[in-house]
Structure formats: structure tokens, C-alpha cells
Amino acid sequence: MKLYEYEAKNLFRYYNIPVPESFLIYKDDNLDLVDIDKEVVLKAQVLVGGRGKAGGILFAKNKKEFIEKAKELFNKEIKGEKVEKILVEEKLKIKKEYYVSITIDRDAKKPVLIFSTEGGVDIEEVAKKNPEKIIKYHIDVLKPFLPYKIRWILDGKIPSEELAIANIIYNLYQLFKEKDATLVEINPLVITEDNKIYAADAVVILDDDAHYRQNFEAFEESNKEKLPFAYVELDGDITVIGNGAGLTLASMDIIKNLGREPACFLDIGGGADTETVKLALKKVLSNKKVKGVFINILAGITKCDEVAKGIVEILKEHPNVKFSVRMMGTNEELGRKILEENNIYYETSMEEAAKKLIENL
Ligand code: GDP
Ligand code: MN
């Protein structure tokens, strides 16, 4: 489970990892009542990555600007995710941005500490262009990972007066271990002009398999907004909806083999009903790039007629989007009838269904 930035920062506070002064505002808050006496950063609380680049971080110099920017942000969607909460933070005067994370290296079967003096930006880019700027250190979980060791790892890489970062990393590792995280990331870890150190951003992913021994309920809010299906937005214009991750991936391959790019991966899972199908279609069609929808259902506990009903209802609202459905299994005849009555292209072969969709675009 991925935590919101403000939840992750609450954990950071508890573990003595310094974070900027901040407060949270909600969509229906009366912003006139908020006191702003310094420059602030408004940060959309969404779970998608690359939020800054997608317009999810705004700056305001005074109260008037703050109200404008807050309204602007609440009316935005960041990569398809609605903004319901904004974290308002004092604006730091940034001198340097570092990158720190701890995650599991599955090959080494150990946690790995990753540190880079090139923070703020995409760490993947740094890894490609300047791999020598990234330090990796595998942590032995059976030994204490003490600050002196971390100072030794960082020695020569950062100015000696910044070695207090070692204490922050030590605290971050305690959090990682005690909360059963699979990732803790600070990007950027900021050095301010007056030489203070802050975690300006925070990503924490908790291991869902550790649910039984962790108090996940403390983060129930994160779950509330979770979609009842697996959805990953991609760059193409053909939406792919399947039931089961394998079938959905295969559907994406078919679209790619036909020379087109999928607009998303959406696995509605087993037993999806009409409402889930409607919700899934609404989600994918909120992406205005989408030209065609390819639905690939192998119905077991899922029922074809339930799926068909959902498609028909949503189709009416999007007359310009082309649909093609491959559907087999439970209640196939009923489902086919519903689709045919509504002139929706239907096939039992997934290759044919995808081909027809692309021909008709
Ligand atoms: P992300 O895009 O979701 O990773 O959001 P971040 O919280 O990491 O912010 C993205 C970028 O915005 C940072 O790398 C900074 O360059 C900038 N930024 C964020 N907070 C501040 C701040 O307090 N002051 C300044 N000057 N820049 C900030
Ligand atoms: Mn960041």
C-alpha cells in the first residue's frame, strides 16, 4: 500500500526525519480562514508519480495567490487522479537536492540503500546518464546498520558538514524495518541556503503481506479512494480492459502487434459486475486521448451479460469512441444479445476483435 505524501511525512516526523512545516487542506475547506504569512508550496496529494511534472506542485507568494492556486489545483486531475487534498508547505530555499531511498533488492535478497547527489530529478535518468553518481549499499539485516557506517558510506561524496544526513538515513532505515516497508524514498532530500536538511518529498510503500502485524488502519484513508480494479495509465490511444492480469497483458500485446499503443492497462479482476465495468469505463474514458476501447473478457465467475450491460450504458455517453468486445464464457449468449441489440462489435476471437477495432478507427 502506497501512502500519501502527508501520511508518509507524519511517519517521518515520528521517526525524527525533518520535514518542512505544513498543513493539509480539503476540497470543501473555507480557504478565507487560512492564515498565510510566508511563501508556500501547494502539493496535490495523489498517489501517481511524477506529480511535479504533471502540474501537481504550485507555488504561492501570498494569501491571494494561495487561494487562486488552491482552486486551480482542486480543479485539476493529475494523470487521471482527482485532487481531494493539498499539502501546504513552507517554501524551502533550496541550495541542493539529494536522492535517498531504501528498497528491497530481490536479486541480492537484501535491502539496498540508494543515495545520489543528483536528486530532485528522475533517478532513472541519473542511473542512465551518470551511473557513477549513484551509491548503492546492501544492508545486512542481521547486523545493526549504525550511523557511523552510513557516514563511512557517504564520506567523500558529500561535504563533511552535511554528514548529519547519516542520522536521517539511520532513522529512515528504522522506519523501513519497523513498518515493513518495501520502499522508503526521499526525493529530494534538501539542503537549504541556511544549511538545514529536510525531506521535501516522501514516498512510503508498505508491504501488504505485513498487514497482519501492522496497524494499516491508521492509513485507512489511503484505501478509501482505491479503485476496485488495477489501472495503469499509458501513453497510447487504445484502451485495453481485460479480466485477469495475464489476459490484460496479452490484450496489450495484440494491440502493440497491430502497430498501436495501449492507453492503459486495466484489469477488472474476477467477478466484476455492471457497476465495476461502468466505473472502469468511466476511468479510461476520462483520458481524452482515447479513440478506441478493446474489451477482452474470459468469463468464469464474471458474467458476460453483466459486463455487456455496463458497456452499453457508458457507450451512450461517448458516441465518438469505438468499442470492440471479445467475450466468452458464463452467460455468453445473453451478453452477445445485449451487445448486438446495441450495435457493439463483438467477436469470440481476441485477435479478430482487436483487428476490427483498429480498422474502424
Ligand atoms: P514529485 O514531482 O511528486 O516528486 O514532487 P516533489 O515534492 O519532489 O517536488 C518536485 C520538485 O518541486 C522538487 O524537486 C523541487 O525542485 C520543487 N519543490 C518542491 N518543494 C519545494 C520547495 O519548498 N521550495 C522550492 N524552491 N522548490 C520546491
Ligand atoms: Mn519527488
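Mentor: Let us begin with S22. Buried residues have under 20% relative accessible area and exposed ones over 50%; S22 counts as partly exposed because its relative accessibility is 27%. Please keep in mind that this is a predicted model.

Trainee: In which strand is S22 found, and with which residues is S22 in contact, leaving aside its neighbours within four places in sequence?

Mentor: S22 is found in strand β1, which spans residues 22-26. Beyond its neighbours within four places in sequence, S22 is in contact with R13, L87, V88 and E89. With R13 there is a polar contact of 3.2 Å between the side chains. As a separate reading of distance, S22 and E162 are 140 residues apart in sequence, and their C-alpha atoms are 24 Å apart in space.

Trainee: How should I read the pairing of strands, and to which strands is β8 joined?

Mentor: The general idea is that strands of a sheet pair through backbone hydrogen bonds, either parallel or antiparallel. Strand β8 (residues 110-116) is joined to β7 (residues 94-105) by seven bridges, and the two run antiparallel. Five bridges join β8 to β9 (residues 134-138), again in an antiparallel arrangement.

Trainee: Is β8 mostly covered or mostly exposed, and how many residues lie between the strands in the hairpin of β7 and β8?

Mentor: Six of the seven residues of β8 are buried, so that the strand is mostly covered. The hairpin has four residues between its strands, and K109 takes a positive phi near 55° there.

Trainee: In what order do the strands of the six-stranded open sheet run, and which are the edge strands?

Mentor: The order is β13-β15-β14-β16-β17-β18, with mixed pairing. An edge strand pairs on one side only, and here the edges are β13 (230-233) and β18 (345-347). From one strand to the next, the twist averages 15°. Helix α9 (residues 304-315) packs on this sheet and touches β16 (292-299) and β17 (322-329). The direction of α9 makes about 170° with that of β17.

Trainee: Which strand does β14 run parallel to, and which residue stands opposite I241?

Mentor: Strand β14 (residues 238-242) runs parallel to β15 (residues 264-267), with two bridges between them. The residue opposite I241 is L266 in β15.

Trainee: Let us turn to the metal. Which residues coordinate the manganese ion, and are N187 and D201 buried or exposed?

Mentor: N187 (O) and D201 (OD) coordinate the manganese ion, ligand 2, at 2.2 Å. The two come from distant parts of the chain, 14 residues apart: N187 is in strand β10 (residues 181-192), whereas D201 is in the loop between β11 (197-199) and β12 (203-206). Both N187 and D201 are buried.

Trainee: How many residues surround ligand 1, and which polar atoms lie within reach of its oxygen atoms?

Mentor: There are 15 residues around ligand 1, the closest being K43, R51, G52, L92 and E97. A backbone N or O atom of L92 lies 2.8 Å from an oxygen atom of the ligand. For E97, a polar side-chain atom lies 2.9 Å from an oxygen atom of ligand 1. D201, a residue that also coordinates the manganese ion, has a polar side-chain atom 3.0 Å from an oxygen atom of ligand 1.

Technical notes
Residues are numbered from 1 along each chain as its sequence is written. Chains are lettered from A and ligands numbered from 1 in the order in which they are written. This is a predicted model: local features need pLDDT of at least 70, side-chain atom pairs count only at pLDDT 80 or more; totals for chains, interfaces and linings use all residues. Side-chain values use heavy atoms; hydrogens and water are left out. Donors are N, O and S atoms within 2.8 Å of the metal (3.2 Å for Na, K and Ca); water is not among the atoms, so sites may look incomplete. Buried means under 20% relative accessible area, exposed over 50%, partly exposed in between (1.4 Å probe, protein chains only). Two strands pair if DSSP finds at least two bridges between them. Axes are lines fitted to C-alpha atoms, for helices over the stretch in contact, and angles run from 0 to 180 degrees between N-to-C directions. Contact means heavy atoms within 4.5 Å. A residue is near a molecule or strand if one of its heavy atoms lies within 4 Å of it. A polar contact is a pair of N or O atoms within 3.5 Å; within protein, one must be able to donate a hydrogen and the other to accept it, and residues adjacent in sequence count only if both atoms are side-chain atoms.
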